[in-house]
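Please read this briefing alongside the sequence and the model. It is grouped by topic.

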Amino acid sequence: MAKMTGQEMQELADKLIKMKINRARGYTRRLDNEVVVQMLRVGVGGEILTRYRLPNRGVMVTLVERDHDEPMGDGSDRLKFKPEFVEARIEPIA
């Protein structure tokens, strides 16, 4: 198993955060042919998490979205749900 160094993990996080969320998901899935999706858009305390386990890289990648509501714009009190991709967390697998 090829472990990623701390610098490689930081570079990956920086690269992912520059992408849109769907591109980041696809890129992450292609990093390891044995990738396991552990969570797919699970809401946890104001955050929406998508977590991938990359065993051949020795890391866990968590993509974080924050819920962001804005008015519908039609004069009603309804809100439009627009999540925003804000963080990519890379952690070594214990």
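The buried residues of helix H2 (21-30) are covered by elements that include H1, strand E1 (36-44), E2, E3 and E6. In H2 the buried residues are Ile21, Ala24, Arg25, Gly26 and Thr28; buried means under 20% relative accessible area, exposed over 50%, and partly exposed in between (1.4 Å probe, protein chains only). This is a predicted model, in which local features need pLDDT of at least 70 and side-chain atom pairs count only at pLDDT 80 or more, while totals for chains, interfaces and linings use all residues. Residues are numbered from 1 along each chain as its sequence is written, and side-chain values use heavy atoms, with hydrogens and water left out.

**Overall make-up**

- The protein has 2 helices and 6 strands; helices (H or I, at least four residues) and strands (E, at least two) are DSSP runs, numbered from the N terminus.
- Their order from the N terminus is α-α-β-β-β-β-β-β.
- The C-alpha trace spans about 55 × 20 × 20 Å along its principal axes.
- Of the 94 residues in the protein, 35% are buried.
- Among contacts between residues at least 6 apart in sequence, 43% join residues at least 24 apart; a contact means heavy atoms within 4.5 Å.

**Confidence**

- The mean pLDDT of the protein is 93, and 99% of its residues reach 70 or more; pLDDT is the predictor's confidence in each residue, from 0 to 100.
- Among the elements, H2 has the highest mean pLDDT (98) and strand E4 (residues 69-71) the lowest (82).

**The nonpolar core**

- The largest nonpolar core has 17 residues, and those with the most contacts inside it are Leu12, Leu16, Val59, Val61, Leu63 and Ile90.
- Two or more residues of this core come from each of helix H1 (6-17), helix H2 (21-30), strand E2 (47-54), strand E3 (59-66) and strand E6 (84-92).
- H1 gives the most to this core, with 4 residues.
- A nonpolar core is a set of buried Ala, Val, Leu, Ile, Met, Phe, Trp, Tyr and Cys residues joined through side-chain atoms within 4.5 Å.
- Leaving aside neighbours within four places in sequence, the residues in contact with Leu63 include Leu16, Ile21, Ala24, Ile48, Tyr52, Phe85 and Ala88.

**Glu65 and Arg41**

- Glu65 lies in strand E3 and counts as buried, at 3% relative accessibility.
- Beyond its neighbours within four places in sequence, Glu65 is in contact with residues including Ile21, Arg25, Arg41, Glu47, Pro83 and Phe85.
- The C-alpha atoms of Glu65 and Val36 are separated by 19 Å, with the two residues 29 apart along the chain.
- Arg41 lies in strand E1 and is partly exposed, with a relative accessible area of 40%.
- Phi of Arg41 is near 55°, a positive value in a residue other than glycine.
- Most residues other than glycine have a negative phi.

**Asn33**

- Asn33 is placed in the loop between H2 and E1 and is exposed, with a relative accessible area of 71%.
- The C-alpha atoms of Asn33 and Pro55 are separated by 9.2 Å, although these residues are 22 apart along the chain.
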